[in-house]
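Work through the exercises below with the structure open. Try each task before you read its solution.

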Protein chains: 2
Amino acid sequence: MGTKQQITEKITALLKDSKLSVTDTRMKILELFMKSNGALEHSDIETQAGQSFDRVTVYRTLQTFLDKGIIHKIPTTDTSVRYAVCKSECSEHDHHDHHVHFKCESCGTTTCLDETNIPEISLPKGYAMHNVEVVVSGVCKTCK
Amino acid sequence: MGTKQQITEKITALLKDSKLSVTDTRMKILELFMKSNGALEHSDIETQAGQSFDRVTVYRTLQTFLDKGIIHKIPTTDTSVRYAVCKSECSEHDHHDHHVHFKCESCGTTTCLDETNIPEISLPKGYAMHNVEVVVSGVCKTCK
DNA sequence: ATTATTTTTGCAACATAGTTGCATTTTTAT
DNA sequence: ATAAAAATGCAACTATGTTGCAAAAATAAT
Ligand SMILES: [Mn+2]
Ligand SMILES: [Mn+2]
Ligand SMILES: [Zn+2]
Ligand SMILES: [Zn+2]
């Protein structure tokens, strides 16, 4: 985990590396992502940040982080949009999150299974594959 | 495809098999699904149905079809919800759509690749798998 | 075929989610 | 310290989804 001070430094570095201004909103939201063990959605952030930020700012911050390759989206079958921090390999407009996502039906959390690779899929003739998303649902390690 | 008459009979039978009342809304929406070569979202249905049905009715109809195993959802990374007709194996509260979904980045359509099976995935120790969703994005057969 | 019962629909009203323009504030560059 | 650039907050708006209830339609019973 690291001390509060270390986390702050790490987050600041991450923002600077992405050529983003270091602002309170961005620091706070990134901190929430770092602390969380699962993916976050917009409403989680609004709640956990303690109603200190405008909704619009949160939307714009998430979009900025997406653009810069700091976070990635996770597909869902409801209308919610889930976000999780990317690994270091990701960069602006070039995401490399080729791992499986897991949604626990018990606790509701969605996590990145960074070690679980996505297997090969052979599409029918004529289809070109650019990206594969895999979301597994079931019961997680903690809830079992 | 079949004639208009044949499609009507087929749809009527499907509704009766699912123990649903045969109504104009349900006939029309099922017809749209049958005619469409890809998945539909709520707005597609409202548009294509020619503003004849109330929004609420469309929502409720889709939910009913989901419950009865007539359609299934397809995960997305935006807030949209996509639906496609299930194969015959599906029944009430017991979906069996273990196929890959494909989203074309060119034409935007999402299709069920019924013949493309979902490969085995080995999760980390402690995780129980109930369902797997796979969505591939790229360029489809038609757009290539 | 008529009537009774059950189900579905449409409307209104509401709630939540997401977007855009613009003035003010904050951050970064000079 | 000042100027330039960028981010934020607010207001106003659009889109999406939900609930209760009365009217209408579909099915079941007579
Ligand atoms: Mn992930
Ligand atoms: Mn499908
Ligand atoms: Zn869990
Ligand atoms: Zn296409």
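**Exercise 1.** In this predicted model, find which polar atoms of chain A lie by phosphate oxygens of DNA strand D.

Solution. 
- Step 1: Start with the backbone. A polar backbone atom of Asp54(A) is 3.4 Å from a phosphate oxygen of DNA strand D.
- Step 2: Check Thr23(A). Its polar side-chain atom also lies 2.8 Å from a phosphate oxygen of DNA strand D.

**Exercise 2.** Describe the protein surface near DNA strand D.

Solution. 
- Step 1: List the helices. H2 (24-35) and H4 (55-67) of chain A, and H4 (55-67) of chain B, each supply at least two residues.
- Step 2: Find the top contributor. H4(B) gives the most, with 4 residues.
- Step 3: Sort by class. The surface has 7 polar, 5 nonpolar and 5 charged residues.
- Step 4: Look at the DNA side.

**Exercise 3.** Work out the geometry at the zinc ion (ligand 4).

Solution. 
- Step 1: Name the donors. They are the SG atoms of Cys104(B), Cys107(B), Cys140(B) and Cys143(B), 2.2 to 2.4 Å from the ion.
- Step 2: Read their spacing in sequence: C-x2-C-x32-C-x2-C.
- Step 3: Recall the ideal. Four tetrahedral donors have angles of 109.5 degrees.
- Step 4: Compare. The angles here run from 101 to 122°, and the site is tetrahedral.

**Exercise 4.** Is Cys140(B) buried or exposed?

Solution. 
- Step 1: Take the cut-off. Buried means under 20% relative accessible area.
- Step 2: Apply it. Cys140(B) has 8% relative accessibility, so Cys140(B) counts as buried.
- Step 3: Cys143(B), at 31%, is partly exposed.

Note on methods: Residues numbered from 1 in each chain as written. Chains lettered and ligands numbered in written order. Predicted model: local features only at pLDDT ≥ 70, side-chain atom pairs only at ≥ 80, totals over all residues. Heavy atoms only, no water. Polar contact = N/O pair within 3.5 Å; in protein donor to acceptor, adjacent residues only side chain to side chain. Nonpolar A, V, L, I, M, F, W, Y, C, P; charged D, E, K, R; others polar. Donors = N, O, S within 2.8 Å, 3.2 Å for Na, K, Ca; no water. Tetrahedral: all angles 85-135°; square planar, octahedral: opposite > 155°, others 65-115°. Buried < 20%, exposed > 50% of the residue type's maximum accessible area, 1.4 Å probe, protein only.
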